[in-house]
Amino acid sequence: MMNGRGESDALIVSMKSPKEGGQLPDEEMEKRGATKGSPIQENTPRTQGRKGVQQALERVRQAAKKDRKLRFTSLYHLVYNIDSLRMAFSQLKKDAAPGVDGKTWEDYRQNLESNLQDLSERLKRQAYKAKPVKRQYIPKADGRMRPLGITALEDKIVQRATVNVLNAIYEVDFCGHSYGFRPGRKPHDALDDLYVQIYTKRVNWVLDADIRGYFDAINHDWLMKFCEHRIADTRLLRLLKKWLNAGVLEEGKVRHPDLGTPQGGVISPLLANLYLHYVFDLWTLAWRRDRVKGQMYVVRYADDFVTLFEREEEANRYWNDLKERMATFGLELHLDKTRLIEFGIKADSNRAKKGQPKPETFDFLGFKHICGQTLQGRFTIYRHNIPKRFTAKLKAIAATLKERMHDPVPKVGKWLGSVIRGFVQYFGVPMNSRALGVFRSTISWYWLRTLRRRSQRHTVDSDRIKRLVALYLPKVRIVHPYPTLRWRHH
């Protein structure tokens, strides 16, 4: 089993295009018969409270766990139930930007019960219409712009309620090596998993892969086929199609792309995970089982994944087959960002024997991974900030400080303190303390420079900035344990 965590060996080896009317592969391999009705019937009381909703979702989860081939015929009522919608509303971010409807969380809360009642009735009558997603662009560390979709508030509510239902099913199905956007799983769980696999297993080669424009390349036809593996409720499937076909509002015009799920939508991460579950995860498990004699492991966080190998020839074979697999489902590996590198406990000595330079590094979830040694000469993996992103983050803070030059000092100080705490909470991993110190000291210097520019008399001296720094900027420290220690408790 992959990573020793008991993932299912259920697999999808090949598929015909949905336009060719091809049968789904698990129907071919598992000889799935007629649709089995789910035991979750549409007799849930309209008003049952949060506890009742959670109990209903637990029944769904247990049914999904008991029968991995079960297709659920009655789920839609768990979405339009007013208590489900109320719970979904409470789970949304209160300060999120409004979508095309212009409504904020607070606006909707003013008449919450009547709004939810109206929404529930429209869903029940299937008169609910999904609104286009408003597209905005945010800058990336490399200077490019990342598209971000802002969903209308009612769409967020219904999507959140739907995600709650679908999670009850797919959290049973998803593989152990998949971490992105899943309940109870964080980026550091994936980072720890990766570290432990390299540190404790026979890993000599790392395939660092990148899918080109993944969220914009998801094929709607294939996605719906994948959903039908578990969902036979036509009303719920129709609801998913509404979101896929809602369109994108950009520069005053609504476009209806045939591919992709808008980044930023509540439902998008789950659908993206579902797509790669069938396209990548199950296929990789099958490939490992059938074609690998050495060791092989994989860690995936959404569309960012790293595959680890003991043998170079198997890594190259996998890479070639992976390209074909991705192409079958409309995806493409980024040629410039996908690399096979020698990495692991023997990489340094092996390369030294061949007169080659030190092992290359690779980036994963914001960290640069580097082969290194402890002071005692034992192999370890350094995880440092990616230099370009680190520099870009500091530049962005400097620019914001300039914009807020004349804000009250306590207000700016509290903001800078929250920035440092957030940075430490994510990047405070063992052997990355230098970056934490540089981050805090650089922000201190930026703040001093900004305060001096506020006044032509330069009344802000070093002693005052030291007092402000001590008052508002928290001291930095390592907050995450070594992965091998934390992994023991998993």
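In the predicted model, leucine 365 is placed in the loop between β9 (362–364) and β10 (367–373). The phi angle of leucine 365 is positive, near 50°, in a residue other than glycine. Leucine 365 is buried, since its relative accessible area is 14% and the limit for a buried residue is under 20%. A second residue with a positive phi that is not a glycine is methionine 431, at about 70°, and its place is the loop between α15 (409–427) and α16 (433–454). Methionine 431 has a relative accessible area of 25% and is partly exposed.

A positive phi also occurs in the hairpin of β6 and β7, where two residues lie between the strands and alanine 302 takes a value near 60°. Strand β6 (residues 296–301) runs antiparallel to β7, and the two are joined by six bridges; within this pairing, arginine 300 stands opposite phenylalanine 305 of β7. Strand β3 (residues 205–210) is likewise joined to β7 by six bridges in an antiparallel arrangement, and here aspartate 210 has aspartate 304 in β7 as its bridge partner. Of the six residues of strand β7 (residues 304–309), five are buried, so that the strand is largely enclosed by the rest of the structure.

The aromatic side chains were examined next. A pair of aromatic rings is described by the distance of the centres and the angle of the planes. The count comes to 26 aromatic pairs. One of these is formed by tyrosine 170 and phenylalanine 174, a stacked pair with 5.8 Å from centre to centre and 20° between the planes; tyrosine 170 and phenylalanine 174 are both buried. Phenylalanine 226 and phenylalanine 329 form a tilted pair, because their ring centres are 6.0 Å apart and their planes stand at 45°. This pair links distant parts of the chain, with phenylalanine 226 in helix α9 (residues 220–227) and phenylalanine 329, 103 residues away, in the loop between α12 (312–328) and β8 (339–342). Both phenylalanine 226 and phenylalanine 329 are buried. One aromatic cluster is made up of Phe367, Phe390, Phe423, Tyr426, Phe427 and Phe439.

Charged side chains also lie over aromatic rings. Lysine 94 is positioned over the face of tryptophan 105, at 5.0 Å from the ring centre, while the charged end of arginine 185 sits over the ring of tyrosine 179, at 4.7 Å from the centre of that ring.

Rolling a probe the size of a water molecule over the atoms shows where empty space is left. Across the whole structure, three cavities of 30 Å³ or more are found, and the largest cavity holds about 110 Å³ of space. Its lining consists of 15 residues, with Val133, Gln159, Trp243, Pro262 and Ile267 lying nearest the centre. The elements that contribute two or more residues to this lining are α7 (153–173), α10 (234–244) and α11 (268–291). By residue type, the lining of the largest cavity comprises eight nonpolar, five polar and two charged residues.

Valine 133, one of the residues nearest the centre of the largest cavity, is placed in strand β1. With a relative accessibility of 9%, valine 133 counts as buried. The C-alpha of valine 133 lies 6.9 Å from the C-alpha of valine 100, although these two residues are 33 residues apart in sequence.

The second largest pocket contains about 710 Å³ of space. It is lined by 23 residues, of which Lys93, Arg160, Gly264, Gly265 and Val266 lie nearest its centre. Two or more lining residues are given by each of β1 (133–139), β2 (145–150), α7 and α11, and the greatest contribution to the lining of this pocket comes from α7, with four residues. The lining of the second largest pocket divides into twelve nonpolar, seven polar and four charged residues.

How values were computed. Residues numbered from 1 in each chain as written. Predicted model: local features only at pLDDT ≥ 70, side-chain atom pairs only at ≥ 80, totals over all residues. Heavy atoms only, no water. Phe/Tyr/Trp six-rings, centres within 6.5 Å; stacked < 30°, edge-to-face > 60°. Buried < 20%, exposed > 50% of the residue type's maximum accessible area, 1.4 Å probe, protein only. Lys NZ or Arg CZ within 6 Å of the ring centre and 35° of its normal. 1 Å grid on protein atoms, 1.4 Å probe; cavity = no way out; pocket = protein on both sides within 12 Å on 5 of 7 lines; lining within 4 Å. Points joined across faces, edges and corners; volume = space filled by probe spheres on them. Nonpolar A, V, L, I, M, F, W, Y, C, P; charged D, E, K, R; others polar. Pairing = 2+ DSSP bridges.
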